[in-house]
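Hi,

Here is the structure I promised to pass on.

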Amino acid sequence: MTASNSILLYVTDAPTSARFYTSLLGKEPVEASATFAMFILPSGLGLGLWGKAGVEPAPAAAGGGCDIGFKVATSDMVDATHADWQAKGANIVMAPTDLDFGRSFVAADPDGHRLRVYTVTEEA
């Protein structure tokens, strides 16, 4: 089987979404046009933003049906990322919260795609 190397999000307006992700991620897309943008995350995973009007076959679902996870090393990093993203105007749908697996918060992009920043608490 081929290794997964990218995820594509269907968006209403690719340039608007690209500006949102440029702000949150602190990096420019490696590719950008009126209908598409591609970011390469530190893990090597590509995050593509594709204007849904041009997708064939047309997407059947709206954003928000799953989370894109951004794992960080510590609970303090969860809180710092939350403060940073909130200051940048991200829509926070869940404030930093201690869950059974660790600390986490959830933001949403302009199309409602959920972005979960989390850390995993190691059991002693």
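How far apart do the C-alpha centres of domain 1 and domain 2 lie? They are 18 Å apart. The domain assignment of the protein chain gives domain 1 as 4–52 and domain 2 as 65–116, with bounds that come from an automatic or database domain assignment.

Before the rest, some ground rules: this is a predicted model, where local features need pLDDT of at least 70, side-chain atom pairs count only at pLDDT 80 or more, and totals for chains, interfaces and linings use all residues. Residues are numbered from 1 along each chain as its sequence is written, and side-chain values use heavy atoms, with hydrogens and water left out.

The contact (heavy atoms within 4.5 Å) takes 13 residues from domain 1 and 12 residues from domain 2. About 1100 Å² is buried between them, and carbon and sulfur atoms give 67% of that; buried area here is the accessible area (1.4 Å probe) that two parts lose on being put together, summed over both. On the domain 1 side, Phe20, Tyr21 and Leu24 supply 45% of the area buried against domain 2, more than any other three residues.

What about polar links? Six residue pairs are in polar contact between domain 1 and domain 2, both residues at pLDDT 80 or more. (That is a pair of N or O atoms within 3.5 Å; within protein, one must be able to donate a hydrogen and the other to accept it, and residues adjacent in sequence count only if both atoms are side-chain atoms.) Salt bridges between the two domains come to zero, a salt bridge being a side-chain nitrogen of Lys or Arg within 4 Å of a carboxyl oxygen of Asp or Glu. The largest share of the domain 1 side that touches domain 2 comes from α1, with six residues.

By the salt-bridge rule, the count comes to five. One of them joins Asp67 and Arg114, with the closest N and O atoms 2.5 Å apart. Asp67 lies in strand β5 (residues 67–71) and Arg114 in strand β8 (residues 114–118), so this pair ties together parts that are 47 residues apart in sequence.

Now the sheet: four strands form an open one in the order β1-β4-β3-β2, with mixed pairing. β1 (6–11) and β2 (31–32) stand at the edges with a single partner strand each, so one side of each has no neighbour in the sheet. β3 (residues 36–40) and β4 (residues 46–51) pair in the antiparallel sense over five bridges, and Met38 has Gly48 in β4 as its bridge partner. Helices (H or I, at least four residues) and strands (E, at least two) are DSSP runs, numbered from the N terminus, and two strands pair if DSSP finds at least two bridges between them.

One last thing to look at: a cis peptide bond joins Glu56 and Pro57, with omega about -10°. Pro57 lies in the loop between β4 and β5.

Cheers
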